[in-house]
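Trainee: Could we go through this model together, one topic at a time?

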Amino acid sequence: MTPTDAAVHKTAPPTRAARTERSDLTSSRLRAAFLFLLPMMTVLGVVAGWPLVRTIWLGFTDANLVDLSVTEFIGIENYYAVYDGEAFGLLVDPEWWNAVWNTLWFSVISVSLETALGMAVALVLNLQFKGRGLVRAAVLVPWAIPTIVSAKMWSWMLHDQLGIINELLMGVGLIAEPIAWTANPDTAMWAVIMVDVWKTTPFMALLILAGLQMLPGDIYEAAKVDGVHPVKVFFKVTLPLIRPALVVAVVFRALDALRIFDLIYVLTSNSTTTMSMSVYARQQLVDFQEVGYGSAAATLLFLVIALITTLTLMAGKVNLSEDSK
Amino acid sequence: MASVELQNIIKDFGSTRIIQGVDLKIEEGEFIVFVGPSGCGKSTLLRLVAGLEDISGGDLLIDEEVVNKMSPKQRQIAMVFQSYALYPHMSVFENMAFGLELAGGSKEDIRRKVMDAAQILELEELLERKPKQLSGGQRQRVAIGRAIVRNPKVFLFDEPLSNLDAALRVQMRIEIAKLHRDMQATMIYVTHDQTEAMTLADRIVVINKGRIEQVGSPLELYHRPANKFVAGFIGSPKMNFLPAEVVELLADGVRVKALDSGSVVVPVEGSQLSVGDRVSLGIRPEHLAVSATGPLSGTVEVIEELGESHFLYVRMGDGELITVQGKGDAKARRSEKCNLQPVDAHLHLFDAGGVALPLLQQHEDKAKALA
């Protein structure tokens, strides 16, 4: 036996032992990880999981706020049912589809405007200038105000009799008589969109600014040396490079916009012109006391948002994988 | 290709003067290297030439035209950055073509220019790749290619090899030298690496604290440094400086006595000196040898063996640590006393202000013969 053989034989058993030790280590790590996760999972289960499951369940019942104890399972009748040849239920309720359409319209328009304006603000805030910190803080103010406060503030400013906006527009002669911004079906949705854009553009700007600040500065100097026009640099360099951050920001904002409630409720109450899915669900649940039907609406709302988010993320991912080719 | 002239160039950042009035004339087709310690202003000076920073005072001329107010594009310069500065989402081809697309050339024209540059830099196989799929050396080649396709009047390099590992740095250095020879282009190259400066430059500009210390060919700076700063900066390991005292003024030089050691004759013009003056004796490590009769003596503290040569770090009687470079393996032992013999012809003498005393002509000839 050569010395090397001896060495191999001597070291072999400890190696095997070490392997079992390692797997012990791994399992103890997994145990510890699970223990650390447990409180979070419990809290999530109680505050998110249980209400969600209960809402979905209530959607299959005829529960009513008057007396929840006589709740009965009715299958999918809240969604679709036929009595005497006539169809009933959420899926054939024109008011529900009106709410879905309103929500989508609101989301697409407001998120697009906020993305464009947020990008512009972010580009400005990304520049070096005196008092930049102050401007950055100031821009965030609309976002920092609680929605209920800013919505109420705007509803006064938009008031048809006492509002300052009518006053100003009439003062400069743009309109001849006061407009009932939030009551007029032609302007109500635009009023809501305008307030939402005012409020949420800073959020978009902040997320996009974070993306901009990750970009290397040297490529801009290289572009400058190459004499590439700034507009071209923006579309060919900046935009492609911040697209991942932009997709995340748009998804965040779209999620938020699709479940819009407070702003619309404060500005226009239950008006059908601006009613969103959330406002519809609340109206069924609280005003009409139809817990079962309202829960069904809330469940559909959840499904619609889940579907749109999945589609957006898939689209984003497809683009990202193209990048790495 | 073009000449570049800097006339009393000044740059202030706020109230701090970074560049303190630089005058320099760069000839057509010359390879100029700015070298200096970090923070000396060499990169700022390059960025002033590029047009990435505004000039606070003085004039910059390219082809005898003042270009102070011109954009980098109008100056027709191209720049290679230390960090490569490639567009991460574009392929190698797109990176090189991006600057050309606005110039108005046809698609075929752009393609041809990019292919030509790719051929020079051996990038043809990589044209469809993204920067992150390239090695550091390949990325730097793309960055150089991006400069070549624009056919600029002046090439600017800002520490282009600093991010590469040692082996690649040597290889790229040779490629850049070859590129300069083939293109005959005016190039300004910034580095803190004196090997790059020595090997690439037609002329080296040594910069310190926003001022030019000396301009000259690599060997000029090595053999005739104008002052202690240049003497210490050019050459590796750096020159030893020993405090010394003038003992005697002779026809063939100045006899000085290093404190606590014997005396040597330095072949410099000593008419401005008088006996008893404090001076600095400069000896390069490669111009010192261990010898039983040498006038300098000390104790060997550390020995570094490099195989083909070795370094001795010798503590002199007055506490100075000096470096000695010898061929082959070291014969001295650690903690042993040893005597050192300098090569007289290669000695340097600096006055109290750090300014070099001029070499005597006959010794300069002798030094050349020895070299």
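Mentor: Happy to, and let's begin with the fold of chain B, which comes to 10 helices and 20 strands; these are DSSP runs numbered from the N terminus, helices being H or I with at least four residues and strands E with at least two. Keep in mind that this is a predicted model, where local features need pLDDT of at least 70, side-chain atom pairs count only at pLDDT 80 or more, and totals for chains, interfaces and linings use all residues. Residues are numbered from 1 along each chain as its sequence is written, while chains are lettered from A and ligands numbered from 1 in the order in which they are written.

Trainee: What share of the residues of chain B count as buried?

Mentor: A residue is buried if 20 or more other C-beta atoms, placed from the backbone, lie within 10 Å of its own. The C-alpha atoms of chain B fill a box of roughly 75 × 45 × 40 Å along the principal axes. Of its 371 residues, the buried share is 40%.

Trainee: Which element gives the most to the side of domain 1 of chain B that touches domain 2 of chain B?

Mentor: Residues are in contact if their C-beta atoms, placed from the backbone, lie within 7 Å. The contact takes eight residues from domain 1 of chain B and 11 residues from domain 2 of chain B. With three residues, the element that gives the most on the domain 1 side is helix 9 (residues 228–233) of chain B.

Trainee: And where chain B touches chain A, which element of chain B gives the most?

Mentor: That contact takes 18 residues from chain B and 15 residues from chain A. Helix 2 (72–75), strand 6 (77–80) and helix 3 (92–101) of chain B each give two or more residues. The one that gives the most, with three residues, is strand 6 of chain B.

Trainee: At what angle do the axes of helix 2 and helix 10 of chain A cross?

Mentor: Axes are lines fitted to C-alpha atoms, for helices over the stretch in contact, and angles run from 0 to 180 degrees between N-to-C directions. The contact includes Trp96(A) of helix 2 of chain A and Tyr280(A) of helix 10 of chain A. The axes of helix 2 (residues 94–125) and helix 10 (residues 277–287) of chain A come within 8 Å and cross at roughly 145°.

Note on methods. Two residues are in contact if their C-beta atoms, placed from the backbone, lie within 7 Å. A residue is buried if 20 or more other C-beta atoms lie within 10 Å of its own, exposed if 12 or fewer, and partly exposed in between; C-beta atoms are placed from the backbone.
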